[in-house]
Amino acid sequence: MAAGTFTAQMAASPETGRWRLYIVVFGATDWPTYTFDGPGVPTVEQRSRALAALGYASTDGPGWDWTEDVTPVDDPVLIAATTVRRVSP
């Protein structure tokens, strides 16, 4: 990852089913986080607006990488990720 860039990740909460986007900031105690309203996977446009609300923008265009993981009780979970940069203080 290039200097000055971060990873943005997004996953649905197993408790509420609502999608949450967060910026991975190593060494920080609180990561910038955005919780989406309503059901369903947020669109690319909604994700871009959420990043902007947090002061970030994607460096790789609108595409996100998707991967599947499992929770400790073997429930599948989808995680999306993209590289971002800070655009406002």
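This report walks through the overall fold, the aromatic pairs and the nonpolar core of a predicted model.

## Ground rules

Because the model is predicted, local features need pLDDT of at least 70 and side-chain atom pairs count only at pLDDT 80 or more, while totals for chains, interfaces and linings use all residues. Residues are numbered from 1 along each chain as its sequence is written, and side-chain values use heavy atoms, with hydrogens and water left out.

## Overall fold

The chain has one helix and six strands, and from the N terminus on they run β-β-β-α-β-β-β. Here helices (H or I, at least four residues) and strands (E, at least two) are DSSP runs, numbered from the N terminus.

The radius of gyration is 13 Å, close to the 12 Å that the globule rule gives for 89 residues, so the chain is as compact as a globular protein of that length. That radius is taken over C-alpha atoms, and the rule is 2.2 Å times the number of residues to the power 0.38. Along its principal axes, the C-alpha trace spans about 35 × 25 × 25 Å.

## Aromatic pairs

You will find four aromatic pairs in the structure. Rings of Phe, Tyr and Trp (its six-membered ring) pair if their centres lie within 6.5 Å; planes under 30 degrees apart count as stacked, over 60 as edge-to-face and the rest as tilted. One of the pairs joins Phe6 and Tyr56 edge-to-face, at 5.8 Å centre to centre and 90° between the planes. This pair links distant parts of the chain, with Phe6 in strand 1 (residues 5-12) and Tyr56 in strand 4 (residues 56-58), 50 residues apart. Phe6 counts as partly exposed at 23% relative accessibility, whereas Tyr56 is buried at 5%. Buried means under 20% relative accessible area, exposed over 50%, and partly exposed in between (1.4 Å probe, protein chains only).

Trp19 and Trp66 are also edge-to-face, 5.9 Å centre to centre with 80° between the planes. Trp19 lies in strand 2 (residues 19-24) and Trp66 in strand 5 (residues 65-70), so this pair ties together parts 47 residues apart in sequence. Trp19 is buried at 8% relative accessibility; Trp66, at 38%, is partly exposed.

## Nonpolar core

Tyr56 turns up again in the largest nonpolar core: of its 14 residues, Met10, Leu21, Ile23, Leu51, Tyr56 and Trp64 touch the most other members. Such a core is a set of buried Ala, Val, Leu, Ile, Met, Phe, Trp, Tyr and Cys residues joined through side-chain atoms within 4.5 Å. Strand 1, strand 2, helix 1 (44-54) and strand 6 (76-86) each supply at least two of its residues.
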